[in-house]
Amino acid sequence: MDKGNIQEIKDIIRIGRVLTDPSDLFSYSFDASFGTYIPEVVVQAKDVHEIAELVKFANRELIPITPRGQATSLSGGPLPVNGGIVLDMSTMNELLEIDPEDLTAVVSPGVLTSKIHQAAEKVGLMYPPDPSSSHVSTIGGNLAENSGGPRGLKYGVTKDYVIGLEVITPQGEIIHTGGRTVKNVTGYDLTKLIVGSEGTLGIITKAILRLIPKPPASETVMAIFDSLMDAGAAISKILTSGILPAKLELMDQASIEAVENYEPSGLPIDAEAMILIELDGHPAAVKDEAEKVSHLCLEVGARKVQIPQTETEKADVWKARKLVSPAIVRIKPTKISEDATVPRSKIPEMCRRLQEIKRKYNLHLIVFGHAGDGNLHPNIIADKSDKEEMKRVEQAVTEIFQSAIELGGTLSGEHGIGTMKSSFMEMELGEAGLDMMKKIKHAWDPNNILNPGKIFPQPGQKLVLSE
């Protein structure tokens, strides 16, 4: 990008900053996945009209723009793979309005997701999507990736709570989709199209979110198993019993051991699996459901079932689950976090296949995550400096995706496609299905300036982690 272009960007951005120092550019060149791509300029913007003018300029000059939140993405979503401009939306964080009458929140994209949770709870409401990164991830990033979280089992994911958006198109036009009403069937549902499009169709500058009343009570059940397959069977049995938990999380033996070594709390490191269940609703109902879930787990072969009695005990149980990610990277420094998802009925079979893949490629494959909705989160812990090991990781990841697709599942339950999974898109969608998505992208963004290099694979592209 020449000096004239950079000067024009500086002329456009008055309420914000334009960064060109090499150290600043490098700090915007990576996310929580793989790969380093240095942009030519970084723009921290706060004004929607200035961003619209910036996009018009970029579209005219054919300069790529990559929107970015806090870069917690595990799929490469905010990586500027074609250079150009990184647009830092995390600085656009001033708007957070809760309307208790309409049960809505109006937010700007840089607001942290946890701030929305806190603001809603102050008035007895709840914003259900709860990605594990909510304390550091922006709502804009959640919208771009259609993030989920543990509560997705009962309450759904981000797209289920977005009723309106303000969006800048690739041509620099400001459009509004949806609105403040829960029902809206006026024309095509552009809101749902944009949520999960990973910044390839438009730049979200405002969102209207649906809130719900916060359940008055919750109960937690912890069940310990000597067999991962039995744990999978228990999950299936619970979900077909007429009880719908708010959360149903799985930890395998490797993740239990890692957490216990990281922060000892008396977890059973000899157990092959542990499932954590949260039930919410009316106090009497959740107590009854907790007892039923306990009996179901014991029937399937649980070694032990525990119902924490105090809020502190409940918090300690869920803390163990939250500690898995930081704990496992102590084993080896490189974490490949996948989120291939299968139908609930296939959870036991996917557990079996993951164990086979672990043995076949001799890898530290750890299984934990949102098992209740089939989102098992197989994580591989490796050392990226070991090229031979990383080749085995590539083969294992490919086989994980193949297994998920064969079982009627999907490449991604909540992390998105980005750069990490694009080479597998045709495996799931087929040639015609992928081509239809490409046509939508071209119709919206004929100059391919918005987040190019994401979702759609280049000819012959393969997953490469070993370079």
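Because the model is predicted, local features need pLDDT of at least 70 and side-chain atom pairs count only at pLDDT 80 or more, while totals for chains, interfaces and linings use all residues. Residues are numbered from 1 along each chain as its sequence is written, and side-chain values use heavy atoms, with hydrogens and water left out.

User: In what order do the five strands of the open sheet stand?
Analyst: Helices (H or I, at least four residues) and strands (E, at least two) are DSSP runs numbered from the N terminus. Two strands pair if DSSP finds at least two bridges between them. In this sheet the pairing is antiparallel, and the order is S5-S6-S10-S8-S9.

User: Which strands stand at the edges of the sheet?
Analyst: An edge strand here has a single partner strand, so one side of it is left without a neighbour in the sheet. That holds for strand S5 (96–99) and strand S9 (174–178).

User: What is the average twist from one strand to the next?
Analyst: Axes are lines fitted to C-alpha atoms, for helices over the stretch in contact, and angles run from 0 to 180 degrees between N-to-C directions. From one strand to the next, the twist averages 15°.

User: Which residue takes a positive phi in the hairpin of S5 and S6?
Analyst: S5 pairs with strand S6 (residues 104–107) in the antiparallel sense over four bridges. Asp99 stands opposite Thr104, and Ile98 has Ala105 as its bridge partner. Four residues lie between the two strands, and the positive phi, near 55°, belongs to Leu103.

User: At about what angle does helix H4 run to S5?
Analyst: Helix H4 (residues 113–121) packs on the sheet and touches S5, S6 and S10. Touching, or contact, means heavy atoms within 4.5 Å. The directions of H4 and S5 make an angle of about 35°.

User: How large is the positive phi of Gly172 in the turn between S8 and S9?
Analyst: S8 and S9 run antiparallel and are joined by five bridges. In this pair Val167 stands opposite Ile175 of S9. The strands form a hairpin with five residues between them, and in the turn Gly172 has a phi of about 85°.

User: How much space lies in the largest cavity?
Analyst: On a 1 Å grid over the protein atoms alone, a cavity is a set of points where a 1.4 Å probe fits but cannot get out, a pocket is an open set with protein on both sides within 12 Å along at least five of seven lines, and lining residues have an atom within 4 Å of a point. Grid points are joined across faces, edges and corners, and a volume is the space filled by probe spheres set on the points. Among the residues lining the largest cavity are Phe34, Lys335 and Met420. The space in this cavity is about 30 Å³.

User: Which element gives the most residues to the lining of the second largest pocket?
Analyst: This pocket holds about 880 Å³ of space, and 34 residues line it, with Asn146, Val195, Gly196, Ile417 and Met437 nearest its centre. Helix H7 (190–194) and H15 are the elements that give two or more residues to the lining. With six residues, the one that gives the most is H15.

User: Is Thr419 buried or exposed?
Analyst: Thr419 is in the loop between helix H14 (387–406) and helix H15 (425–444). Among the residues it touches are Ser75, Val81 and Gln461. Buried means under 20% relative accessible area, exposed over 50% and partly exposed in between, with a 1.4 Å probe and protein chains only. At 18%, Thr419 therefore counts as buried.

User: What is the relative accessible area of Glu426?
Analyst: Glu426 lies in helix H15. Leaving aside neighbours within four places in sequence, Glu426 is in contact with Glu431 and Leu434. Glu426 is partly exposed, with a relative accessible area of 44%.

User: How far apart in space are Met390 and Val464, C-alpha to C-alpha?
Analyst: Met390 is in helix H14 and is buried, with a relative accessible area of 0%. Met390 and Val464 are 74 residues apart in sequence, and the distance between their C-alpha atoms is 8.8 Å.
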